[in-house]
Amino acid sequence: CKILRCNSEYVAATLHLRGPDHGAAFCTALRSYSLCTRRTARTCRGDLAFHSAVHGIEDLMIQNNCSKEGPTAPPRPQPPAPNPHGFESLDICDYERSFLYKHGRPPGFQHCAAFGDPHIRTFHHDFHTCRVEGSWPLLDNDYLFVQATSSPVAKGSNATVTSKLTIIFKNMKECIDQKVYQAELDNVPAAFQDGSVNGGARPGGSSLAIRERSPGRHVEIRAGYIGTTIAVRQAGRQLSFSIRAAEEVARAFTEEQDLQLCVGGCPRSQRMSRSPRGRGRLPTETAQALCREMLPVEDVYFQSCVFDVVTSGDANFTMAAHGALEDARLFLPDAEKLHIFQ
């Protein structure tokens, strides 16, 4: 795939274009860039940089009122650039930096979380409490596969908790070998299944790394090559998952990959009410008092905390909701969307 050559030719052709009269020459360079990407389409079909370039060209042509028909400039020979931050020296396994360079703006991000009963906060800010016993995919796209396995929170209970998480980082050319991370109750390792702590021996292997935040309780996995960070926690007898994913990574899936709890939430048949009903293991008032200590805002995180403590009788579930809220505070691009009220 020669998309990087197309990118560097476009950068070289537009470096000298400044001022209000650059329009025609800029459109010519964009058409030439578009032609170059079309020539690489067959070999670059699965390449993230290729799809970024195609969408970026479309946006720039609209913004600059460029016609798709018209002259295309022959590629200019690229002069040796003294600028150490030029495209050729850019690390293609640094997603955020290369996106900023190509589009002139930072990428957008989305957040999803699964914690407690489990409760799912989707990329689109929907919030569901799910029954979902067994294994269900949280994510299934071109770059990541995440599966949560749930089991009953207590004997005879309809409520379930996540007892196992499996995360697969799919191999990506120069950046990483495929890596599998697996956490189970009382086993939240700070390493991938093969014992490694990064993306392997490829040139961009360090763009995937695990960091232990709290031994055996909280790990953070940074996947810089796809602009994604994942947090895995254990609080009480449950595991939780939070992710901050680049928008185009979160959207990189086909119609066949339609069951993803982070995208569509729980299937309707698996949703539960968060109103404590029937005989709980703790009185609702006691659970509310415990949750209020950790979660002073009575939003869905608070409601979820009360539900989990009543259902399980385990005060440690206050930490599950608190951890999910703290991850959301770190991962959400828009702080105004931190709290959800239903």
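Predicted model: local features only at pLDDT ≥ 70, side-chain atom pairs only at ≥ 80, totals over all residues.
1. A residue counts as buried when its relative accessible area is under 20%.

2. The domain assignment divides the protein into domain 1, covering 2-64, and domain 2, covering 109-271. The centres of domain 1 and domain 2, taken over C-alpha atoms, are separated by 35 Å.

3. Six disulfides are found when the whole structure is searched. Among them is the link between Cys6 and Cys36, whose sulfur atoms are 2.0 Å apart. This pair connects distant parts of the chain, since Cys6 belongs to helix H1 (residues 3-14) and Cys36 to helix H2 (residues 23-39), 30 residues apart. The torsion about the S-S bond of Cys6 and Cys36 is about -80°, so this disulfide is left-handed. Cys6 is buried at a relative accessible area of 1%, and Cys36 also counts as buried, with 8% relative accessibility.

4. Cys112 and Cys262 are joined by a disulfide with an S to S distance of 1.9 Å. The pair links distant parts of the chain, with Cys112 in strand S1 (residues 109-115) and Cys262 in helix H6 (residues 261-264), 150 residues apart. This link is left-handed, with -80° about the S-S bond, and both Cys112 and Cys262 are buried.

5. A further disulfide is formed by Cys291 and Cys305, with 2.0 Å between the sulfur atoms. Because Cys291 lies in helix H7 (residues 284-294) and Cys305 in helix H8 (residues 300-312), the pair ties together parts that are 14 residues apart in sequence. The S-S torsion of Cys291 and Cys305 is about -90°, so the disulfide is left-handed. Cys291 is buried at 0% relative accessible area, and Cys305 is likewise buried at 0%.

How values were computed
Residues numbered from 1 in each chain as written. Heavy atoms only, no water. Domains from an automatic or database assignment. Disulfide = S-S within 2.5 Å. Helix = DSSP H or I, 4+ residues; strand = E, 2+ residues; numbered from the N terminus. Buried < 20%, exposed > 50% of the residue type's maximum accessible area, 1.4 Å probe, protein only.
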